[in-house]
Amino acid sequence: MGTFERGIYDVVGIGFGPSNLSLAIALDEIRGADSSAPDGLGAVFFERQPAFGWHRNMLLPTTTMQISFMKDLATFRNPRSRFSFVSYLHESGRLTQFVNNQDFFPTRQEFHQYLEWAQASFTDRVHYGSEVTSIGLPPGTTVGSAEYLRLEIRDGAGTRVVDTRNVAISTGLVPRLPKGVQSDERVWHSSEFLEKYGRMNRSELNTVAVVGAGQSAAEITRFLHDELPHAQVFSVIPSYGYCVADDTPFANQVFDPGAVDSYYYGTDRTREAFWRYHSNTNYSVVDDEVIRDLYRRSYDEEVRGLNRLHFLNLTRVDQVKRSGDETRVSLVSLLDDESPELDVDAIVFATGYEAMEPSGLLGELDRHCLRDETGRHRVARDYRLVTTPELRCGLYLQGGTEHTHGLTSSLLSNLAIRSGEIAESIVGRRAETTPEPSLHPAEAREAG
Ligand code: FDA
């Protein structure tokens with residue numbers, strides 16, 4: 001088992017999606033701007049994917065971002081950042097054309113290119129193809145005596161460990177399939193979509209179904225309708241039709257940086273009101289443009305007498321039976337209480353995601369993380385897990401904080417500000433507790 005080159009890091013990031021990429025930028029910029037910030041702040045990130053990728057399996061052509069380009073990795077925290085989307089456009093020679101487009105919402109493909117461009121400045125601090133498998137105490141220490149935590153990492157070379165005073169957990173959303181449904185070569189979750197679709201022979205896909213009523217479901221339905229002009233495309237929708245995502249200005253305020261304080265410092269009733277009135281800004285909703293496009297297609301087919309796009313409203317999947325290339329889907333219709341069956345060549349479950357849950361990585365340490373009366377982790381305003389006082393290392397969450405910090409927890413909207421707050425907290429706590437940069441015990445022995 002090897003160790004990583006440096007001694008004890010100030011922070012190790014688990015996952016290198018947009019959240020921890022934004023943190024890497026914030027750590028650099030805060031150190032650069034604040035002459036009182038300590039030097040030598042060591043940060044390293046581990047990402048299990050072999051290269052940078054942001055929801056690659058959903059990079060469908062023409063799909064657009066759900067947020068303004070200005071809610072990028074840095075601008076809301078530091079409008080002068082060289083990692084802004086505008087800076088990327090300038091460097092790519094497309095700033096003028098982008099402005100001519102008069103569109104706040106770039107395509108996801110362009111945003112992905114922006115993220116790849118930004119991460120290229122951090123290759124010295126990121127280890128790809130490296131999965132963090134656990135966070136624990138160093139051998140021979142107790143929670144009270146440990147000055148740093150030890151993380152285990154699995155990569156191509158085997159298992160290694162890395163030591164750090166703080167951890168930023170940012171492992172992302174977890175795909176959700178209905179109970180009893182297993183994904184395989186013909187049953188896909190939307191997070192696997194392009195990869196599995198790419199493995200199929202298109203002529204084999206004569207009947208396909210998409211389950212769900214959210215943005216991904218609608219986008220995949222449209223994609224399959226475009227890509228498979230010979231196929232019957234079924235959209236299985238639990239509601240009576242797609243519901244529109246409210247992105248009007250007053251509603252959009254729930255994603256403002258200030259809304260985090262309103263939510264965090266509010267009462268249970270405040271938080272409940274956020275969800276009751278505003279979950280239609282993001283959950284199980286679809287952009288107006290996609291809804292209208294799908295409806296227009298369906299109407300056009302009726303006019304031409306060529307019905308191949310079918311919407312099964314108020315319908316749920318009860319069971320999926322697989323046998324070889326055959327896939328039989330049992331449905332339950334709330335329209336007439338019938339239970340029709342559908343034979344498909346492939347079915348896509350765009351049935352959403354669970355929030356990030358750090359317990360698996362924390363293992364034994366989780367016992368020292370405090371929970372609220374409903375059993376959820378307590379999280380401080382600076383996104384640090386609230387622990388028993390003897391655990392002095394910081395465990396920061398980027399994601400999985402819907403219950404404490406609100407609707408932006410798993411989104412990009414507040415990423416720049418959140419990363420800045422975490423970086424400030426790490427820098428501040430280091431200044432309080434560590435007068436001198438300390439050495440790894442092995443290095444200290446050598447030095448002595
Ligand atoms: P993200 O999931 O992006 O990254 C987590 C990373 O951690 C992954 O790369 C994963 O491989 C890695 N990882 C996991 N476990 C690990 C381990 N143990 N060790 C090492 N690495 C590990 N939001 C928004 O505000 N606007 C938008 O337009 C969209 N659009 C959008 C489209 C689609 C298709 C989806 C599914 C989601 C969105 N979102 C969104 C929401 C989405 O959560 C958000 O865009 C970011 O992906 C959040 O970034 P994170 O870095 O937190 O997670």
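I take a disulfide to be a pair of cysteine sulfur atoms within 2.5 Å.

**Basis.** I am working with a predicted model, in which local features need pLDDT of at least 70, side-chain atom pairs count only at pLDDT 80 or more, and totals for chains, interfaces and linings use all residues. Residues are numbered from 1 along each chain as its sequence is written, and side-chain values use heavy atoms, with hydrogens and water left out.

**Cysteines.** I searched the whole structure for disulfides and found zero. For burial I use relative accessible area (buried under 20%, exposed over 50%, partly exposed in between; 1.4 Å probe, protein chains only). Cys 369 counts as buried at 5% relative accessibility, and Cys 393 counts as buried at 3%.

**Asp 345.** I located Asp 345 in the loop between β16 (341–344) and β17 (346–349); helices (H or I, at least four residues) and strands (E, at least two) are DSSP runs, numbered from the N terminus. I listed contacts (heavy atoms within 4.5 Å). Leaving aside residues up to four places away in sequence, Asp 345 touches Arg 186, Met 200, Glu 204, Leu 205, Asn 206 and Thr 207.

**Sheet containing β17.** I traced an open sheet of five strands with parallel pairing, in the order β10-β17-β11-β12-β13; two strands pair if DSSP finds at least two bridges between them. β10 (187–189) and β13 (309–312) each have a single partner strand, so one side of each has no neighbour in the sheet. The twist from one strand to the next averages 20 degrees. β11 (207–211) and β12 (232–236) are joined by five bridges, and Val 210 has Ser 235 in β12 as its bridge partner. Helix α6 (215–227) packs on this sheet, touching β11, β12, β13 and β17, and its direction makes about 165 degrees with that of β11. Axes are lines fitted to C-alpha atoms, for helices over the stretch in contact, and angles run from 0 to 180 degrees between N-to-C directions.

**Sheet containing β2.** I found five strands in an open, parallel sheet ordered β4-β3-β2-β8-β19. Its edges are β4 (126–127) and β19 (394–397). Four bridges join β2 (11–14) to β3 (43–46), and Ile 14 has Phe 46 as its bridge partner in β3.
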